Amino acid sequence: MSGKVILVILDALGFEAAVENCGWLEGLVEAGQARRWRMRSCLPSLSAPIYETLHTGTPPALHGIRSNDHVPLSKGPHVFGVARAAGKRTAAVAHYFFSELYNRSPWEALRDAEVDDPDLPIQHGRFYSERGYQKFNLHLPSEHDLCVRATLAIRRHAPDYLLLHSFSIDAVGHGYGADSREYRKQVWMVDNALAEFLHLWTGAGYRVLVTADHGMTADGRHGGNSEAERLVAFYDVGHPEGGVAGETVSQLAVAPTILKLMGLQAPPEMTEPALG
Ligand SMILES: [Zn+2]
């Protein structure tokens with residue numbers, strides 16, 4: 001297998017919220033066009049540490065990205081680097097932490113926000129920040145805009161690996177908590193945007209993986225060890241089996257799964273087997 005892969009990270013989308021509100025994704029599962037697993041996040045259930053876990057297949061205690069307060073360059077090996085070493089093309093539409101982890105740290109917006117550089121691990125990057133946003137002016141990059149940018153990246157650059165990362169569910173979750181009308185509505189809004197664009201990506205030959213870094217508590221937090229913070233969904237759109245997988249799997253499986261779908265060898269640091 002040597003396919004092209006898109007990883008969609010829906011920041012802070014908890015497992016139950018995904019299953020209850022993502023009508024489009026769940027419809028693909030019911031129709032046998034996608035397979036869904038329940039996945040347990042690593043600890044701490046925080047964004048930057050888990051972004052790195054999703055791309056290295058190692059837990060924060062090993063990869064060393066410990067919090068969101070300081071985000072240095074990844075020591076790897078990571079999915080972007082392995083793909084680049086194999087001559088694959090990479091792209092991302094994502095929060096700037098991904099630029100810090102894989103391209104350059106610390107972030108300098110005017111240098112890093114838009115990059116098209118074949119020598120960088122993320123060759124074609126469009127990054128955003130949440131600077132200055134609080135509950136009264138929530139940071140919500142439009143899901144439609146993010147999906148447009150991802151689709152344009154596909155049409156212009158045909159990346160072998162594309163990361164699409166959405167921040168809005170996290171922002172609304174911190175503002176209103178996971179047991180709120182606002183959080184559930186935002187989860188559905190994201191699913192609705194995927195309904196509009198996902199078929200364009202699968203039509204272009206991509207296998208599309210959709211998951212979250214971590215969940216969200218009813219009182220608007222994450223970072224800890226509760227089920228609400230750790231359990232997320234993992235959808236594989238295009239999986240030949242489809243349906244619901246019974247077991248709860250480890251988040252360490254995501255990086256090796258991406259590489260396997262791309263036809264690339266996982267480095268020995270990625271010890272978890274790829275999802276079947
Ligand atoms: Zn958060």
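In α9, the buried residues (under 20% relative accessible area, with exposed meaning over 50% and partly exposed in between, for a 1.4 Å probe and protein chains only) are S168, I169, D170, A171, V172, G173 and G175. The model is predicted, so local features need pLDDT of at least 70 and side-chain atom pairs count only at pLDDT 80 or more, while totals for chains, interfaces and linings use all residues. Residues are numbered from 1 along each chain as its sequence is written, and side-chain values use heavy atoms, with hydrogens and water left out. Helices (H or I, at least four residues) and strands (E, at least two) are DSSP runs numbered from the N terminus.

- Seven of the nine residues of α9 are buried, which leaves the helix mostly covered.
- The cover over these buried residues includes β1 (4-10), α8 (143-157), β6 (161-166) and α10, where contact means heavy atoms within 4.5 Å.
- G177 follows α9 and has a positive phi, near 85 degrees.

**Zinc site**

- D170 (OD), D170 (OD), H174 (NE2) and H222 (NE2) coordinate the zinc ion at 2.0 to 2.6 Å.
- Donors are N, O and S atoms within 2.8 Å of the metal (3.2 Å for Na, K and Ca); water is not among the atoms, so sites may look incomplete.
- Along the chain, the donors of the zinc ion have the spacing D-x3-H-x47-H.
- D170 and H174 lie four residues apart in helix α9 (residues 168-176), so about one helical turn separates them.
- An α-helix has 3.6 residues a turn, so residues three or four places apart point the same way.
- D170 is buried at a relative accessible area of 4%, whereas H174 is partly exposed at 40%.
- The angles among the four donor atoms run from 56 to 154 degrees, and the site is irregular.
- Four donors count as tetrahedral if all angles lie between 85 and 135 degrees; four count as square planar and six as octahedral if opposite donors are over 155 degrees apart and all others between 65 and 115; anything else is irregular.

**Packing of α2 on α10**

- Helix α2 (residues 23-30) packs against helix α10 (residues 181-203) at an angle of about 55 degrees, the axes being 7 Å apart.
- That angle makes α2 oblique to α10 (under 35 degrees is roughly parallel, over 145 roughly antiparallel, 65 to 115 roughly perpendicular, and the rest oblique).
- Axes are lines fitted to C-alpha atoms, for helices over the stretch in contact, and angles run from 0 to 180 degrees between N-to-C directions.
- On the α2 side G23, W24 and L25 take part, meeting D191, L194, A195 and L198 of α10.

**Salt bridges**

- The whole structure holds ten salt bridges, each a side-chain nitrogen of Lys or Arg within 4 Å of a carboxyl oxygen of Asp or Glu.
- R35 and E241 form one of them, at 3.6 Å from N to O.
- This pair joins distant parts of the chain, 206 residues apart: R35 is in strand β2 (residues 34-40), and E241 is in the loop between β8 (231-237) and β9 (243-250).
- R35 is buried at 14%, while E241 is exposed at 56%.
- R111 and D112 form a salt bridge with their closest N and O atoms 2.7 Å apart; R111 is partly exposed at 33% and D112 is buried at 1%.
- A network of salt bridges links R104, E108, R111 and D112.
- D219 and R221 pair at 3.2 Å, N to O, with D219 exposed at 53% and R221 partly exposed at 43%.
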